[in-house]
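Here is a briefing on the structure shown next.

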Amino acid sequence: MFPTPIQNYSLKINIGYRVLLVFTLIIWLLPLLAVMLTSIRTFDDVLAGNYWTFPEETALVSNYTAVFADGKMAGFFLNSLIITIPTVIGTLFLSSLAGYSLAMHKFKLNLLVFAMFIAGNFVPYQILMIPVRNISIELGMYNSHLGLIIFHIAFQTGFCTFFLRNFIKELPFELIEAARADGATEWMIYRKIIIPLTIPALAALGVLEFTFIWNDYFWALILTQGDTVKPITVGLDVLRGQWTTAWNLVSAGSVVAALPPVIMFFILQRQFIHGLTFGAVKG
Amino acid sequence: MSFWERNQLKIAPFLFLAPAILIFLVYVIYPIFDSIWVSFHEWNGMDKSGTRANGKPNWEFVGFKNYITLFTDDDEFYVSLFNNVRWLIFSLLAVPIGLALALFVNQRILGIRYIKSLFYFPFVINAVVIGVIFTWFYNPKYGALSLVLGFFGLDPIPMLADESLATYGIIIASFFPGIAYTMILYITGLTGVSREMIEAGRIDGASGFTMLWHIVLPQLRPATLIAIVVTLVGALRAFDLIAVMTAGGPWGSSEVLAYKMYQEALFNFRMGYGAAIATILFLIMDIYIAWFLYRLFKNERSEK
């Protein structure tokens with residue numbers, strides 16, 4: 001193990017290490033601690049410039065209800081869910097189909113198609129911006145949930161196909177050969193062999209994609225107008241303008257906007273890290 | 001046997017690929033070429049066959065004019081380009097800092113799993129929230145930074161209102177999720193480092209920095225590569241934090257190409273000009289794309 005296990009050192013160093021560790025962690029999380037504390041402060045408390053002291057009078061309930069008061073925040077939150085969940089499902093479906101095809105079938109343009117998905121994935125958003133906006137307008141999907149969902153599925157399919165193709169390629173080819181010999185159709189192989197064996201990768205990608213789409217700001221800015229379709233990222237930016245220096249409300253709103261991916265991360269941490277570090281160990 | 005049964009193996013892969021390819025071609029590949037085409041035109045975004053109030057057509061071919069204007073007659077373009085360079089260079093600091101933190105927490109003690117996840121989770125917080133938090137942090141009147149500076153008897157620094165500091169202020173905010181990410185990569189990478197080699201190194205008297213440099217880092221190469229690629233691509237994509245924290249200000253001093261493109265196209269209605277900026281950004285990114293594909297296919301071939 002590297003560095004040398006701390007247990008090999010003296011008791012003093014062991015205690016010192018633990019103290020330093022907790023201290024570093026607190027420094028690291030300081031901005032978030034401040035936000036969480038501020039989100040339960042009263043406005044007067046905020047104006048008095050209190051940051052780190054635990055508020056004498058907590059306004060947890062009143063701040064968070066105030067955030068949802070005019071109904072906008074709930075709408076933005078709902079929009080985020082309406083956009084994110086179908087996108088994740090659609091992306092996983094399309095890219096698992098494509099990944100199976102690219103991993104287990106030999107045909108001429110295989111590598112070229114694979115390269116296209118990878119390359120597209122690195123493209124700067126701005127080179128897509130004007131045409132994607134125009135396509136959405138022409139198809140009548142500008143400022144609709146569907147417009148955002150379809151675009152997200154298209155773009156994320158690049159990364160997910162790359163990921164799933166590499167994962168499926170590691171599965172034993174003999175399984176598929178045997179199934180084919182038994183007369184299984186390709187669709188049955190996909191349904192009954194590939195999908196069950198790919199569940200860990202799909203779970204990893206699922207949590208990752210949920211986070212990416214939930215956190216999207218740019219495309220929501222480009223493809224929406226007004227408040228009816230906006231997800232919570234753009235919504236928070238709008239509400240921030242209304243709340244101005246009511247930092248307690250800004251903080252509470254930030255906590256709400258950040259929460260779903262954070263909860264998902266803590267519950268599905270193993271899948272999350274597996275997805276994120278795919279290819280980081282062996283390569 | 002029916003036609004389908006005989007040819008299934010040949011046709012099925014294309015049917016499986018068709019939806020993904022189709023949607024990818026329409027929303028990713030075609031737009032790239034369309035943007036490049038738009039960049040050779042002057043276009044206000046209106047109906048292409050219509051005319052403007054001054055009698056000029058909405059859509060007009062102008063050749064390289066947009067590019068010439070960018071390079072010879074637009075100081076803001078150079079400000080943005082230079083800021084992109086600053087983003088590229090300084091955001092790379094997230095890589096060694098992430099490595100240092102990963103080494104720091106890579107111990108087996110009680111509760112370390114929870115400590116690690118508390119280090120990781122800023123990665124999943126969206127840029128708007130990070131931007132809002134740091135804007136408040138930098139606020140000269142109400143911000144924590146002024147409070148800390150005041151504690152040391154220093155005057156408040158208006159990070160985001162200062163032309164020479166704004167970009168750095170935003171880059172520092174980007175470190176929060178950025179370092180969490182590189183740290184996750186390195187901790188996972190460290191679990192794959194061979195024990196035998198570490199033990200052999202110890203017997204040969206290597207320790208501390210020598211061990212890290214000669215034995216551990218070479219084994220962390222895949223993690224380092226991914227960390228660098230993702231950090232660089234992220235730096236070139238920098239947009240969200242800038243939009244939320246400064247909107248490119250003060251006086252355009254914190255703009256980057258991505259943000260300038262958005263401004264020109266959607267606020268100044270100069271679609272062609274915006275597309276030209278996007279094309280330049282795309283060409284810069286192509287260097288990384290080419291390098292990444294080259295590496296990938298070299299590996300692919302060596303596996304066969």
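**Chain contact**

In this predicted model, 78 residues of chain A are in contact with 81 residues of chain B. Two residues are in contact if their C-beta atoms, placed from the backbone, lie within 7 Å. Local features need pLDDT of at least 70, side-chain atom pairs count only at pLDDT 80 or more, and totals for chains, interfaces and linings use all residues. Residues are numbered from 1 along each chain as its sequence is written, while chains are lettered from A and ligands numbered from 1 in the order in which they are written.

- Helix 12 (residues 247-267) of chain A gives the largest share of the side of chain A that touches chain B, nine residues. Helices (H or I, at least four residues) are DSSP runs, numbered from the N terminus.
- By class, that side of chain A has 54 nonpolar, 19 polar and five charged residues. Ala, Val, Leu, Ile, Met, Phe, Trp, Tyr, Cys and Pro count as nonpolar, Asp, Glu, Lys and Arg as charged, and the others, Gly among them, as polar.

**Domains of chain A**

- Chain A is assigned domain 1 (6-65) and domain 2 (68-276). The bounds come from an automatic or database domain assignment.
- The centres of the two domains of chain A, taken over C-alpha atoms, are 33 Å apart.
- Their contact takes 12 residues from domain 1 and 10 residues from domain 2 of chain A.
- On the domain 1 side, helix 1 (11-38), helix 2 (43-47) and helix 3 (60-68) of chain A each give two or more residues.
- That domain 1 side has six nonpolar, five polar and one charged residue.

**A helix pair in chain B**

- Helix 6 (residues 127-138) and helix 8 (residues 166-191) of chain B pack at about 130 degrees, with axes 10 Å apart. Axes are lines fitted to C-alpha atoms over the stretch in contact, and angles run from 0 to 180 degrees between N-to-C directions.
- The angle makes helix 6 of chain B oblique to helix 8 of chain B, because angles under 35 degrees count as roughly parallel, over 145 as roughly antiparallel, 65 to 115 as roughly perpendicular and the rest as oblique.
- Helix 6 of chain B contributes B:Ile130, B:Gly131, B:Phe134 and B:Tyr138; helix 8 of chain B contributes B:Gly169, B:Ala173, B:Phe176 and B:Pro177.
- This contact has six nonpolar, two polar and no charged residues.

**B:Leu99**

- B:Leu99 sits in helix 4 (residues 94-105) of chain B.
- Leaving aside neighbours within four places in sequence, B:Leu99 is in contact with B:Thr182 and B:Tyr186.
- The C-alpha atoms of B:Leu99 and B:Leu217 are 9.8 Å apart, at 118 residues along the chain.
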